[in-house]
Amino acid sequence: MIKIGAVVAEFNFDITSMMLELAKEHAKFLGAEITEVFPVPGVYDMPIAIKKLLDDGEVDAVITLGAVIEGDTDHDDIVVQQASRKITDLSLEYNKPVTLGISGPGMTRLEAHQRVEYGKRAVEAAVKLVKRLE
């Protein structure tokens, strides 16, 4: 069975908690399991948690779940750009899938609610990659 770690942003938890539930259900459907859930304050804080899960070696892949909603500044762009860059770096460093289930930037709260399926997509990508990299 494929073991997946989930790093989940607490910021916008009303959205990310739904993403996590969809991810768990989809993992089960695909014959995988989310065995570790690592909550972090926000998307920008994800890389250290991803690194910890990969260092522990108990998971085959890591999914990231977050919703970055547009504010009055370009902060949402910076958060997503920096986090996604480091997420990719960690995937390559550890040679394990770390998939992006982060919606945004540039979206409203309503649009974020409409994109909760990103959690499901992150699991789908993780499972496919694990199987292809075996």
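Visitor: What is the volume of the largest pocket?

Guide: In this predicted model, the largest pocket has a volume of about 280 Å³. Its lining is made up of 15 residues, and Phe-11, Asn-12, Val-68, His-75 and Val-79 are those that lie nearest its centre. Strand 3 and helix 3 are the elements that each give two or more residues to this lining.

Visitor: How do the lining residues of the largest pocket divide into nonpolar, polar and charged?

Guide: Eight of them are nonpolar, four are polar and three are charged.

Visitor: Why is Asn-12 called buried?

Guide: The relative accessible area of Asn-12 is 10%. Buried means under 20%, and Asn-12 is therefore counted as buried. Asn-12 is placed in the loop between strand 1 and helix 1.

Visitor: What is remarked about the phi of Asn-12?

Guide: Its phi is near 60°, which is a positive value in a residue other than glycine. Most residues other than glycine have a negative phi.

Visitor: Why is Asn-95 called exposed?

Guide: Exposed means over 50% relative accessible area. Asn-95 has 62%, and so Asn-95 is exposed. Asn-95 lies in the loop between helix 3 and strand 4, and has a positive phi of about 55° although it is not a glycine.

Visitor: How do you know that the span of helix 1 agrees with expectation?

Guide: Helix 1 covers residues 13-29, and its 17 residues should span 24 Å at 1.5 Å a residue. The end C-alpha atoms of helix 1 are 24 Å apart, so the two values agree. Helix 1 is followed by Gly-31, whose phi is positive, near 80°.

Visitor: What makes the buried residues of helix 1 belong to the same side?

Guide: The buried residues of helix 1 are Ile-15, Thr-16, Met-19, Leu-20, Ala-23, His-26 and Ala-27. Because they cover an arc of only 135° around the axis, they are on the same side of helix 1. Glu-25, Lys-28 and Phe-29 are exposed, on the face turned away from that buried side. The partners against which the buried residues of helix 1 pack include strand 1 (2-9), strand 2 (32-40) and helix 5 (118-133).

Visitor: Why does Thr-16 count as buried?

Guide: Thr-16, in helix 1, has a relative accessibility of 0%. The cut-off for buried is under 20%, and Thr-16 therefore counts as buried. With neighbours within four places in sequence left aside, Thr-16 is in contact with Val-8, Ala-9, Phe-11, Leu-65, Gly-66 and Ala-67.

Visitor: What span does helix 3 reach, and what is expected?

Guide: Helix 3 (residues 75-94) has 20 residues and reaches 29 Å from its first C-alpha to its last, close to the 28 Å expected at 1.5 Å a residue.

Visitor: What puts the buried residues of helix 3 on the same side?

Guide: Asp-76, Val-79, Val-80, Ala-83, Ile-87, Leu-90 and Ser-91 are the buried residues in question. Their arc around the axis is only 100°, which puts them on the same side of helix 3. On the other side of helix 3, Leu-92 and Glu-93 are exposed. The buried residues of helix 3 pack against helix 2 (46-56), strand 3 (61-69) and strand 4 (98-107).

Visitor: Which peptide bond is cis, with omega near 5°?

Guide: The bond from Gly-104 to Pro-105 is cis, and Pro-105 is in strand 4. Most peptide bonds are trans.

Terms used. Residues are numbered from 1 along each chain as its sequence is written. This is a predicted model: local features need pLDDT of at least 70, side-chain atom pairs count only at pLDDT 80 or more; totals for chains, interfaces and linings use all residues. Side-chain values use heavy atoms; hydrogens and water are left out. Helices (H or I, at least four residues) and strands (E, at least two) are DSSP runs, numbered from the N terminus. The expected span of a helix is 1.5 Å times one less than its number of residues. Buried means under 20% relative accessible area, exposed over 50%, partly exposed in between (1.4 Å probe, protein chains only). The arc is that of the directions from the helix axis to the C-beta atoms. Contact means heavy atoms within 4.5 Å. On a 1 Å grid over the protein atoms alone, a cavity is a set of points where a 1.4 Å probe fits but cannot get out, and a pocket is an open set with protein on both sides within 12 Å along at least five of seven lines; lining residues have an atom within 4 Å of a point. Grid points are joined across faces, edges and corners, and a volume is the space filled by probe spheres set on the points. Ala, Val, Leu, Ile, Met, Phe, Trp, Tyr, Cys and Pro count as nonpolar, Asp, Glu, Lys and Arg as charged, and the others, Gly among them, as polar.
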